[in-house]
Amino acid sequence: MDFFGEQTRARRKTRWLVFWFLLAVVGIVIAVHVAVTLVFAVSDNGFQAMSRGTHNEIFFHWRFWDVPRFFWTFAIVGGMIALASLYKIHQISRMGGVSIALELGGRPVPRNTGDPLERRLVNVLDEVSIAAGIPAPQAFVLDDEPGLNAFAAGMNTGNSVVAVTRGLLDRLNRDQLQGVIGHEISHIVNGDSRLNLRIVGILHGIFFLTLAGRVLTRARGRNSGPILSLGVLLFLIGGIGIFFGRLIQAAVSREREYLADASAVQFTRNPAGLAGALRQLLDFGSRIQHPRAEVASHFFFAAGRVSLGALFATHPPLEARIARIDKNFVPERAPRPRPAVEAAAMRPEASSSGVSFLNGIGASGPAQMSAAQALLATLPESLRDAVHHAEEARAVVYALFLSSRTEIREAQLSAVQRAHAPALAETARARAQWLSRQGARYRLPLLDLALPTLRELAAEERNRFLETVDALIKVDGRVSASEFALRQILKSALNPRRTSRAPIRLEHLNRDIGAVLALLVHVAHPDGTSAAAAFHRAVTLAPTNGPWKFPEPEIPRPKIVEAALDHLARAAPRFREKLLAACVAAIEHDGKITVAETELLRALAQSLDCPVPIGSEDRGQKTEDSNICGA
């Protein structure tokens, strides 16, 4: 699966959204202009004109084609639609997929839930997410929905949700649930969930007139006739917005569903699981009863409402989807599988040992799924359950930052005791001892398991937790590569940036790229000559042409690199692809990658919203965790 290609196509869909939105606004404005003219013309002298049979007087007397009036209609109506859309987009940007899950009646599933079915959901989410290289999304259950359905929503891979209906949770077995979760995770990885949230914001503005019409039809009083008439007309005109809204939902959603099905099969290597889930939907239905389900219909795993025809269908027929997965299922209306989708679903997966770090971005497959399941199976059951509790999750993450040097470790534990109860510090000590015996390969998986639990903390608790992490890093006065990497992953997941739309100047891009590459070459190649050679090799793959100057001998401070990553994350997918290629070249110049360097690459990729699946193991002999700079 071409991760950056799918991200590019998702961005292209966003441009089409803007086109359809503007077309809908123009159509609505024209209809409102006609409605306002007719209503007030008829209410004034239109009845007299019609009684004389001179209907044209309505238009000429009221200057139907008056340009200033049309301009003001466009400004007022277009402005209201734009403001409604911007308000919804702002709300979604602030709350992410959580806002959609709550609006549809979702209930957050605690990570430490005691319900067996909910625990199975959390475990499957953990497996699939770790294999995909993203933090596990927050789980929600739509308790009042007996139909079998699910959806994913989120503005980025580090802050998403996956919701399932009560019917789906009760009826599907584990393999079928894994197929559905694989489908939804692929929506998050490919950028569909972000695109779907933008559609909700746009549709809110387009549907605004329908809502305004409903309000006006409730007007009462002696002179409320024109207002009531205007309300009815606005409600009817809202049908134009609904028409374009349904077209937008259908145009964006249908093909992305086929792609997500293919990704889920490629990912789990178990077509029977996903096909079985789709068969269950055929038998028991996928209808969503919530009144707001219509606006979010393009989110769901399957159609939540009956469509008005193929043109407005947000999902392909279930039979067609099953036929593309199960070759023995050939109903009459199932089309012949398209070669591209069929190949994506059934092609053999290369082994992780032969896949480079860059090629692995977004390319989750059965090797990654098997590796995630095997790794989780080796974790003690008590530890895996413990990270679902807030106190234990904090202790595990603190353990990742504890030094191997006794005097520094004791000072760090004192910092933990000042922020929390002494028992938490002792738990962190025990977890650090276990990690030192087991090796560094558990560091990132444990962090991934802890992140969803930490996201459940209140904002004040999250800030206190991050301040304690910073205090642990500062104890020895240095910032190691691992410390920077783990801190960056935590920051991206627990304190996500608010993306600015301001343009970035080329010289600023060059500065930011240079800072990131300088960090990598100094960490990976302590020798100045090797670092310079690695830097000059890396910039040949960079997405811009420089000019470049090797920054010797100093390493950029962490805050400079963090600011650079915030800027670079706004770049186009192909730009980020070239940037990550340059980052890999900077690290791999000596043919070796340590666990600490893998963590650093993972942190950079996640900051750029590019998931790195499990399997980027240590391929070299370097063991030292280099320092970046003073804390």
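Student: Which residues form one aromatic cluster here?
Tutor: Phe151, Phe299 and Phe300 do. Rings of Phe, Tyr and Trp (its six-membered ring) pair if their centres lie within 6.5 Å; planes under 30 degrees apart count as stacked, over 60 as edge-to-face and the rest as tilted.
Tutor: A quick word on the source: this is a predicted model, where local features need pLDDT of at least 70 and side-chain atom pairs count only at pLDDT 80 or more, while totals for chains, interfaces and linings use all residues. Residues are numbered from 1 along each chain as its sequence is written, and side-chain values use heavy atoms, with hydrogens and water left out.

Student: How many aromatic pairs turn up in the whole structure?
Tutor: There are 5. One of them is Tyr398 with Phe465.

Student: What makes Tyr398 and Phe465 a pair, and which kind are they?
Tutor: Their ring centres are 5.3 Å apart, with 35° between the planes. That distance is within the limit and the angle falls between the other two classes, so the pair is tilted. Tyr398 sits in helix 16 (residues 390-401) and Phe465 in helix 20 (residues 459-474), 67 residues apart. By the way, helices (H or I, at least four residues) and strands (E, at least two) are DSSP runs, numbered from the N terminus.

Student: Why is Arg324 said to lie over the face of Tyr258?
Tutor: A charge sits over a ring if NZ of Lys or CZ of Arg is within 6 Å of the ring centre and within 35 degrees of the ring normal. Arg324 is at 3.5 Å from the ring centre of Tyr258 and lies over its face. Arg171 does this with Phe284, at 3.8 Å.

Student: Why is the contact of Arg111 and Asp126 called a salt bridge?
Tutor: The term needs a side-chain nitrogen of Lys or Arg within 4 Å of a carboxyl oxygen of Asp or Glu. Arg111 and Asp126 come to 3.0 Å, N to O, so they qualify. Arg111 is in the loop between strand 1 (107-108) and helix 5, while Asp126 is in helix 5, 15 residues apart.

Student: Is Asp126 buried or exposed?
Tutor: Buried means under 20% relative accessible area, exposed over 50%, partly exposed in between (1.4 Å probe, protein chains only). Asp126 has 1%, so it counts as buried. Arg111, at 4%, is buried too.

Student: How do you know whether Lys491 and Asp566 form a salt bridge?
Tutor: Their N to O distance is 3.9 Å, so it falls within the limit. Lys491 belongs to helix 21 (residues 481-494) and Asp566 to helix 24 (residues 558-568), 75 residues apart. Lys491 is buried because its relative accessible area is 15%, whereas Asp566, at 23%, is partly exposed.

Student: Which residues touch the most other members of the largest nonpolar core?
Tutor: Ile181 and Leu490, out of 128 residues. A nonpolar core is a set of buried Ala, Val, Leu, Ile, Met, Phe, Trp, Tyr and Cys residues joined through side-chain atoms within 4.5 Å. Helix 22 (residues 506-524) gives the largest share of this core, 9 residues.

Student: What does Ile181 touch?
Tutor: Contact means heavy atoms within 4.5 Å. Not counting residues up to four places away in sequence, Ile181 touches Leu121, Val124, Leu125, Val128, Val162 and Val164.
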